[in-house]
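Have a look at the sequence and the fold first, and then we'll go through them together.

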Amino acid sequence: MLVLVIIMSRILGFGNPLLDISAVVEQDVLDEWGVKLNDAILAEDKHKPLYAKLASTHPVEYIAGGATQNSIRVAQWVLAEAGATAFVGCTADDDFGKQLEEAARADGVNVQYMKQSEPTGTCAVLVKGGERSLCANLSAANNYNIEHYETAEIQALQEAAKIFYSAGFFLTVSPPTMLAIGKHSAEEGKTFCVNLSAPFIPQFFKDPLKEVLYYADFVFGNESEAAVHGKENGWGEDVATVALKVSAGPKASGARPRTVVFTQGSEETLVACGGVIQRFAVPKLAKEELVDTNGAGDAFVGGFLAMLAKGSDLAACVNAGHYAARQIIQVSGCKIPSTPAKP
């Protein structure tokens, strides 16, 4: 049965599997922990008590998370084909790790976790007014290493896959793994997709990001991440300008130009490719239908990748991304709908 799944998997993700601990909070909670809405940070020592305190002071939900894993779960939902997706990351053999694996497998994803002793990673999701702030304690996820990637099982998954995806958060864990995937993709004529993921990635992980972008066929991000990336590279903060610059950057595979996709919340999505910017309107959602934006960007990528795997054109990929994000922001966290996707 395992061999069948490996043969069929078309999209393979590498990233940080985390269990989201989500709660609706007041402004003083955000202030207490020094976090901002619409931002994502890695937990420092001062944030370590946040997780237990949040669970003791607020009603919380435990939701399967991690940016890349979310996107893969959504892609699986949109594709609705058994074994179409797989995901690799690092957890512990603990209750949270088991909960994550059960949730991902229930969504149809072939998860292949590296297991070790440090506790499974968690992410505090602080929701206020429909917007969210993320504070991730990577823990076990931070211990993924390229030796696991080099095992026969993961190499078999890689050989079978046609599309690879990693959020930029994985640059804080294993740049060598991302580079190895990029090189394989370039050599085999496959598709390698990455995401800027958070403003701190282009700000503090500029050099490894540059190395990985060299192999990227598709680059995703939002307006905040694009602005920081542009500022760090001396291009200014105009989102369209940054998209064109990233698209035109050096690229390992010359078989096709790099495509850059920057979302802007409810504003139009910008796509740069071959020196041209395309703009796609985002279908409007009534304010009262918005629950929270946690997972919206991940869902967009998942919908996009699913249609990309089907060989759809760019417009269909973007529309599927908008559709998937729209579904996710109407529920708490990145919960896969029980009804079939209709992008």
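Residues 24 or more positions apart make up 73% of the contacts in the chain, counting contacts with a separation of 6 or more. Keep in mind that this is a predicted model. The secondary structure comes to 14 helices and 14 strands. With 343 residues, the globule rule gives a radius of gyration of 20 Å, and the chain comes in close to that at 18 Å, so it is as compact as a globular protein of that length. If you'd like to picture a box around the C-alpha atoms, taken along the principal axes, it would be roughly 55 × 45 × 40 Å. Of the 343 residues, 56% count as buried.

So what's on the inside? In soluble globular proteins, nonpolar side chains tend to be buried together. Here, the largest nonpolar core has 96 residues, and the members that touch the most others are Phe 14, Tyr 144, Phe 220, Phe 304 and Leu 305. Helix α13 gives the most to this core, with nine residues. Let's zoom in on Tyr 144: setting aside its neighbours within four places in sequence, Tyr 144 is in contact with Phe 14, Val 88, Gly 89, Cys 90, Met 114, Tyr 149, Phe 170, Val 173, Ser 174 and Thr 177. There's also a second, separate core of 14 residues, and Ala 23, Val 29, Leu 30 and Val 35 are among them.

Back to α13, which covers residues 296–309, and its partner α14, residues 314–328. How do the axes of these two helices cross? They come within 7 Å and cross at roughly 145 degrees, and the crossing is right-handed. On the α13 side, the residues that meet α14 are Ala 296, Ala 299, Phe 300, Gly 303, Phe 304, Met 307 and Leu 308. From α14, the residues in this contact include Leu 314, Cys 317, Val 318, His 322 and Ile 328. The contact divides into 14 nonpolar residues, three polar and no charged. Notice that Phe 304 is in this contact and also on the list of residues that touch the most other members of the largest core.

Next, a few individual spots. Ala 80 is in the loop between α4 (67–79) and β5 (85–92), while Ser 139 is in the loop between β8 (131–137) and α6 (146–149). Are they buried or exposed? The table has that, along with two other residues.

| Residue | Relative accessible area | State |
|---|---|---|
| Ala 80 | 64% | exposed |
| Ser 139 | 13% | buried |
| Lys 183 | 39% | partly exposed |
| Val 60 | 23% | partly exposed |

Lys 183 is part of helix α8 (residues 175–188).

Val 60 is in the loop between α3 (50–57) and β4 (61–65). Leaving out neighbours within four places in sequence, Val 60 is in contact with Ile 21, Ser 22, Ala 23, Leu 54 and Ala 55. Of these, Ala 23 is also included in the second core. The C-alpha atoms of Val 60 and Val 125 are 9.4 Å apart, although the two residues are 65 residues apart along the chain.

Terms used: Residues numbered from 1 in each chain as written. Predicted model: local features only at pLDDT ≥ 70, side-chain atom pairs only at ≥ 80, totals over all residues. Heavy atoms only, no water. Axes fitted to C-alpha atoms, helices over the stretch in contact; angles between N-to-C directions. Helix = DSSP H or I, 4+ residues; strand = E, 2+ residues; numbered from the N terminus. Left-handed = near helix turned anticlockwise from the far one by under 90°. Contact = heavy atoms within 4.5 Å. Nonpolar A, V, L, I, M, F, W, Y, C, P; charged D, E, K, R; others polar. Core = buried A, V, L, I, M, F, W, Y, C linked by side-chain atoms within 4.5 Å. Buried < 20%, exposed > 50% of the residue type's maximum accessible area, 1.4 Å probe, protein only. Rg over C-alpha atoms; globule rule 2.2 N^0.38 Å.
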